[in-house]
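Thanks, everyone. I'll keep this short, so please bring up the model on your screens.

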Amino acid sequence: HQARAQLDPAGTCGEAVTPGLGPHPAPANRTGPRASPPRSALTADSTESTHTSIRKPSSMPRKEPRGRPGSAHGAVLLLSACRLTESGLSMVDWHLVKEMKPPRTQQEWEAEFQKYQQFPEFKILNHDMTLTEFKFIWYMEYSHRMWGRVGWLSRPMKGRVLALCGLVCFQGLLGWYMVKSGLEEKPDSYDIPRVSQYRLAAHLGSALVLYSASLWTGLSLLLPPHQLHETRQLLQLRHFAHGTTALIFLTALSGAFVAGLDAGLVYNSFPKMGERWIPDDLLAFSPTLRNIFENPTTVQFDHRILGVASVTAVTALYLFSRKISLPHRTRMAVTSLLAAAWVQVCLGISTLLFYVPTPLAATHQSGSLALLSAALWLMSELRRVPK
Ligand code: HEM
């Protein structure tokens, strides 16, 4: 064990299994004011171990201990398996990021095995071990260490991480389903093959949800919440911010219909569409509802309206926020939102006027993410802190 401690100060075999008694000293004041955010854990130098960085009591969320017994239980089972198979010393080094991936090629495995052969466990106990046997004990230890890393997440956070993993898989499936629509042969159509606008919108929508959920999780971990004075105006501002974020989300989603139908090429003037404010062919398709999703003119018209409504809402939100006394960081979020909204609308108009050149269209698409991020940042700034 001594040799092990020197080789692997961050080793988890036998460490993360006993909450309160393990490597984490119990935080001095669990019920006290909310601890500062775990910045240290997230910005830690990659040579520092996860356990070293989360050991600081001040970086522990208040409800941390509740989520741990389940994972500790799993870790105990893995630990005993490690012990029974004598796998615990098979990984002779451990870095936070570099060693997250197991060896992939035969060469890498042999190099890993050779490292292990330098140590007493191999020399004394396992000198006749084959590479296959080594792989088995290595994976036992690896799964235990990875489990140890997940162990420090609180129960709600574990739920979120699992949900995000599920969304990533769903996103992949949707992507495949979308591309399939572009590859299918359509005997009656002489059009350029393109993916269905519905599937494109579903794919973009799911990407936006995944992005928003990850960003929200990150922001709630990184940014210490403000103890805001719960006045009526603040409540209104919070509702306003939520509504505006929803509007931005909807505008971005409608953009996917514009892109999917190449609707950016039907009218290339602004603010009028051609000679008119409301084009003739706005409701050319029947039944009427089909126009919203399938008529390029209507799709472009809706996207313009939503885009202009979004920038108007953001500007009104900015003006309203100026009447309220807010912390400096929150002010920065409102100002960033205002700037992002105006840049985004200018990009959208330029994309239209220049007949959708790829660099502009791509910048307009990234702009929608920047705008959504600023809106989520503001929502996170204004979030209510449970007493
Ligand atoms: C808050 C404002 C806006 C947001 C969040 C937004 C968002 C988006 C998004 C996400 C796309 C899809 C990009 C893609 O998937 O390739 C898009 C496409 C587009 N948007 Fe906007 N947009 C906004 C405002 C506008 C405005 C005001 C205009 C023009 C008047 C406009 C014109 C376009 C055009 C022409 C496309 C099609 C680009 C292509 O074919 O790749 N947008 N928009």
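Where does UniProt place the feature "transmembrane region"? The unreviewed entry puts it at residues 161–179, 199–223, 244–267, 303–320, 332–356 and 362–379; positions are in the numbering used here, feature names are shortened, and annotations may be inferred rather than shown by experiment.

Two notes on the source. This is a predicted model, where local features need pLDDT of at least 70, side-chain atom pairs count only at pLDDT 80 or more, and totals for chains, interfaces and linings use all residues. Residues are numbered from 1 along each chain as its sequence is written, and side-chain values use heavy atoms, with hydrogens and water left out.

Residues 161–179 are 100% helix and 0% strand, with end C-alpha atoms 27 Å apart. Helices are DSSP runs of H or I, at least four residues, and strands are runs of E, at least two, numbered from the N terminus. For residues 199–223 the figures are 96% helix, 0% strand and 35 Å.

Now the iron. His303 (NE2) and His364 (NE2) coordinate the iron atom of the ligand at 2.0 Å; donors are N, O and S atoms within 2.8 Å of the metal (3.2 Å for Na, K and Ca), and water is not among the atoms, so sites may look incomplete. His303 sits in helix H12 (residues 296–321) and His364 in helix H14 (residues 358–381), 61 residues apart, so the pair links distant parts of the chain. Both His303 and His364 are buried, meaning under 20% relative accessible area, with exposed over 50% and partly exposed in between (1.4 Å probe, protein chains only).

Finally, Leu289 in helix H11 counts as exposed, because its relative accessibility is 60%.
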